[in-house]
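This report describes selected features of the structure shown below, beginning with a ligand shell and going on to helix packing.

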Amino acid sequence: MTHLLDPQEMARADRLAMEWGTAGITLMDKAGAAVADVVARRPLVTRVTILCGPGNNGGDGFVAARLLAQRGFRVRLALLGDRGRLTGDAAQAAERWRGAVEDAAAFDPEDADLIVDALFGAGLTRDLDGVARAVVARMAASGKPVIAVDLPSGVDGATGAVRGVAAQAVETVTFFRRKPGHLLLPGRTLCGKLRVADIGIPDLVLDEIRPKTSANEPALWLPAFPIPSAGGHKYARGHAVVVSGGRWTAGAARLAARACLRAGAGLVTVGAPEAALPMHAASYAALMVRPVEEASDLRHLLEDRRLSAIVMGPGLGVGATTRDLVSAATGAGRHLVLDADALTSFAGDLKGLADVVGSAAGTVVTPHEGEFGRLFGDVVSADADKLTRARTAAQALGGVVVLKGADTVVAAPDGRAAIAANAPPYLATAGAGDVLAGIICGLLAQGMPAYEAAAAGVWLHGEAARAFGPGLIADDLPEALPGVYRKLFEEAGAL
Ligand SMILES: NC(=O)C1=CN([C@@H]2O[C@H](COP(=O)(O)OP(=O)(O)OC[C@H]3O[C@@H](n4cnc5c(N)ncnc54)[C@H](O)[C@@H]3O)[C@@H](O)[C@H]2O)[C@@H](O)CC1
Ligand SMILES: Nc1ncnc2c1ncn2[C@@H]1O[C@H](COP(=O)(O)OP(=O)(O)O)[C@@H](O)[C@H]1O
Ligand SMILES: [K+]
């Protein structure tokens, strides 16, 4: 159930269901019934105004209107556009509505306890303007609870962007599967509580559509997750290396190293300049420390082929030394996590980075928006949506891209992408990114493939923040991981 369908894929799911024998009006009846059920469960509602658009989203609204009127609600229905121009299933649904059809242009929100927003869904093709925009703006300003059908009208289902205007919903009812716009911001916020209704589309349509976008949830990556087994030993759980900056910036590597251990790496070695070694040696007894000042030191350390996953960038410094360290870390069988200064050191030189990481077994880069712009600005349009930007970047790099933020997107070069919706706002705190890089490295060290490790890392990071709660600082995140693991392993039946 982690698949997300963009509007074209959803239209294809509808078409396939119909080709395989389910009438369109049957799908619409179930969609409208699901909306009516959600409205009927709201407290203190007797007067419902349903705003219907000119397409099938409006058709769902007509069905919901009929069912709610049958259940005793006082329903007013207002249509945007001309009733005579309704076609197909929507025209059929409108015919069965026996009440008045008012003009949406003149709708007065004051008469309603609740508004159903059935103006536009998957068929939104351009920014709202004119009467449509005015109607949505009036609904948005009314302060009345809004139940959105499929999507808050004006939210783009593929991107989560607001096209012109959209009204905040208290609940949104979508059909069959969620859409990227339900998880990407600001769409996610505007949806309120999201419900997914089964309208009779068979799951088998997904075998035809083969969607490549997913919600970042355990079902996506749990089959590849390195749950420790009875026969395991610490070498089977991998040996990770964290490359540290100097004495005054070593805290970032320390956070990454702690996260790497807590994520389950069997051994973690910190490679640090002499001046920072005592601090690392004293920080956690479980860590090993080795002197690494420059690329030749790292090459020497990595002669031990068991050191298979390396994280670098946090607190490392920007410049030629860091670039050389990145080059020294690549090689057959190596897994790399590059963050922060390791990315900024390649600003404006994506090709240079792509050439360097081309030889690694799996590379994950974890830029925030600023680092992303510096690295991918030449190949990715800043105007494109977050999913497209992350995907384009992953292809250009030949590695997995984690584009961070409140709706972090993980994208692989083959087009797969996952959107996370579990990160709380208080995760935005100094050093949180260092912890994320460390968690991903810890998972790579245990043999998890790069895309799955990146996605799992992002999800675990968000869950750890939620488990700790408000007041969180980055140091708390690794310490919250064991609780998250306990729950995850219990749910997977492994504890
Ligand atoms: N049989 C099906 O295909 C089903 C569709 N369903 C519903 O149908 C919806 C999709 O229906 P449609 O594809 O008809 O699309 P919509 O009903 O979302 O919108 C399409 C209509 O809006 C107009 N429009 C688009 N952008 C506009 C803008 N910016 N300003 C003014 N008018 C604009 C289009 O010209 C068209 O008339 C889904 O969101 C869902 O609610 C459900 O009933 C389930 C079954
Ligand atoms: N508004 C937000 N809500 C939830 N998570 C956020 C938000 N803003 C940022 N984050 C997350 O916080 C972390 C910050 O990382 P980063 O920007 O690298 O900071 P730092 O360099 O201080 O560690 C990332 O995992 C990012 O996805
Ligand atoms: K809608």
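## Ligand shell and helix packing

By class, the shell around ligand 2 is made up of 10 nonpolar, six polar and two charged residues, where Ala, Val, Leu, Ile, Met, Phe, Trp, Tyr, Cys and Pro count as nonpolar, Asp, Glu, Lys and Arg as charged, and the others, Gly among them, as polar. The model is predicted, and local features need pLDDT of at least 70, side-chain atom pairs count only at pLDDT 80 or more, and totals for chains, interfaces and linings use all residues. Residues are numbered from 1 along each chain as its sequence is written, while chains are lettered from A and ligands numbered from 1 in the order in which they are written.

Ligand 2 is surrounded by 18 residues, of which the closest are Lys404, Ala406, Ala423, Ala428 and Gly433; a residue is near a molecule if its C-beta atom, placed from the backbone, lies within 6 Å of it. Helix H18 (residues 432-445) gives the most to this shell, with four residues; helices are DSSP runs (H or I, at least four residues), numbered from the N terminus.

Leucine 436 is found in helix H18. Leucine 436 counts as buried because it has 31 C-beta neighbours inside 10 Å, the cut-off for a buried residue being 20 or more other C-beta atoms within 10 Å of its own. Leaving aside neighbours within four places in sequence, leucine 436 is in contact with Thr366, Gly457, Val458 and His461, a contact meaning that the two C-beta atoms, placed from the backbone, lie within 7 Å.

Two helix pairs are set out in the table, with axes fitted to C-alpha atoms over the stretch in contact and angles running from 0 to 180 degrees between N-to-C directions.

| Helix pair | Angle | Axis distance |
|---|---|---|
| H2 (residues 24-41) and H4 (residues 88-95) | about 60 degrees | 9 Å apart |
| H19 (residues 450-468) and H20 (residues 476-491) | roughly 95 degrees | within 8 Å |

The angle of about 60 degrees makes H2 oblique to H4, whereas the angle of roughly 95 degrees makes H19 roughly perpendicular to H20; angles under 35 degrees count as roughly parallel, over 145 as roughly antiparallel, 65 to 115 as roughly perpendicular and the rest as oblique.

Between H2 and H4, the contact is made by Gly24, Ile25, Met28 and Gly32 of H2 and Gly88, Asp89, Gln92 and Ala93 of H4, with three nonpolar, four polar and one charged residues. The contact of H19 with H20 has nine nonpolar, two polar and two charged residues, including His461 and Glu463 in H19 and Asp476 and Gly483 in H20.

Terms used: Helices (H or I, at least four residues) and strands (E, at least two) are DSSP runs, numbered from the N terminus. A residue is buried if 20 or more other C-beta atoms lie within 10 Å of its own, exposed if 12 or fewer, and partly exposed in between; C-beta atoms are placed from the backbone.
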